[in-house]
Amino acid sequence: QVLLAETGGASVQVGGSLKLSCAASGLTYSAYCLAWFRQAPGKEREKVASLLDSDGSTIYSDSAKGRFTISQDNAKNTVYLQMDMLKPEDTAMYYCAGNWGWPGLAEWSDPNVWNYWGQGTQVAVSS
């Protein structure tokens, strides 16, 4: 059974930082692609960042580029999302997603192509 467990969400002020963690179990970590999505109230789930392979190649949404960093610790089967310069519009539930391999440049933004999801961790940014 594949399990993804996110932690690290909190309430922070504008300009602050948070580091989210996603611990993965029940899968061959190196064969899976892990990503971060988020969903704000009343909005659709949207991509944030993804690992492309076990070597650490990454891709980001335009809103995350330059402020967020996705990374991994293969020994711990954990993927992280370092979020800096947080803005109120970053307020959302953040989800870890997993898939057998990289879905593709056009596909990765579609939540429906990701096979596994964590329960989410809440991030709230206030001014």
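This is a predicted model: local features need pLDDT of at least 70, side-chain atom pairs count only at pLDDT 80 or more; totals for chains, interfaces and linings use all residues.
A polar contact is a pair of N or O atoms within 3.5 Å. The side chain of threonine 121 comes to 2.9 Å from the backbone nitrogen of glycine 9. Threonine 121 belongs to strand E11, which spans residues 121-126. Its relative accessible area is 10%. Buried means under 20%, so threonine 121 is buried. The surroundings of this residue were also listed, leaving out residues up to four places away in sequence.

Threonine 69 sits in strand E7, residues 68-73. Threonine 69 has a relative accessible area of 40%. Alanine 23 lies 46 residues from threonine 69 in sequence. In space, the C-alpha atoms of threonine 69 and alanine 23 are 17 Å apart.

The cysteines come next. A disulfide is a covalent bond between the sulfur atoms of two cysteines. The structure holds one disulfide. It joins cysteine 22 to cysteine 96, with an S to S distance of 2.1 Å. The angle about the S-S bond is -80 degrees, and the link is left-handed. This pair connects distant parts of the chain. Cysteine 22 is in strand E3, residues 18-25, and cysteine 96 is in strand E9. The two are 74 residues apart. Cysteine 22 has 0% relative accessibility and therefore counts as buried. Cysteine 96 also has a relative accessible area of 0%, so cysteine 96 is buried.

A disulfide needs two cysteine sulfur atoms within 2.5 Å. Cysteine 33 is buried, because its relative accessible area is 2%.

Asparagine 77 has a phi near 50 degrees, a positive value in a residue other than glycine. Asparagine 77 is found in the loop between E7 and strand E8, the latter covering 78-83. With a relative accessible area of 24%, asparagine 77 is partly exposed. Methionine 85 has a positive phi of about 50 degrees, although it is not a glycine. Methionine 85 is placed in the loop between E8 and strand E9, the latter covering 92-100. The relative accessible area of methionine 85 is 48%, so this residue is partly exposed.

A further loop residue is lysine 43. Lysine 43 lies in the loop between strand E4 (32-39) and strand E5 (46-51). Is lysine 43 buried or exposed? Its relative accessible area is 59%. Exposed means over 50%, so lysine 43 is exposed. Lysine 43 and glutamine 13 are 30 residues apart along the chain. Their C-alpha atoms are separated by 22 Å.

Conventions:
Residues are numbered from 1 along each chain as its sequence is written. Side-chain values use heavy atoms; hydrogens and water are left out. Helices (H or I, at least four residues) and strands (E, at least two) are DSSP runs, numbered from the N terminus. Buried means under 20% relative accessible area, exposed over 50%, partly exposed in between (1.4 Å probe, protein chains only). A polar contact is a pair of N or O atoms within 3.5 Å; within protein, one must be able to donate a hydrogen and the other to accept it, and residues adjacent in sequence count only if both atoms are side-chain atoms. Contact means heavy atoms within 4.5 Å.
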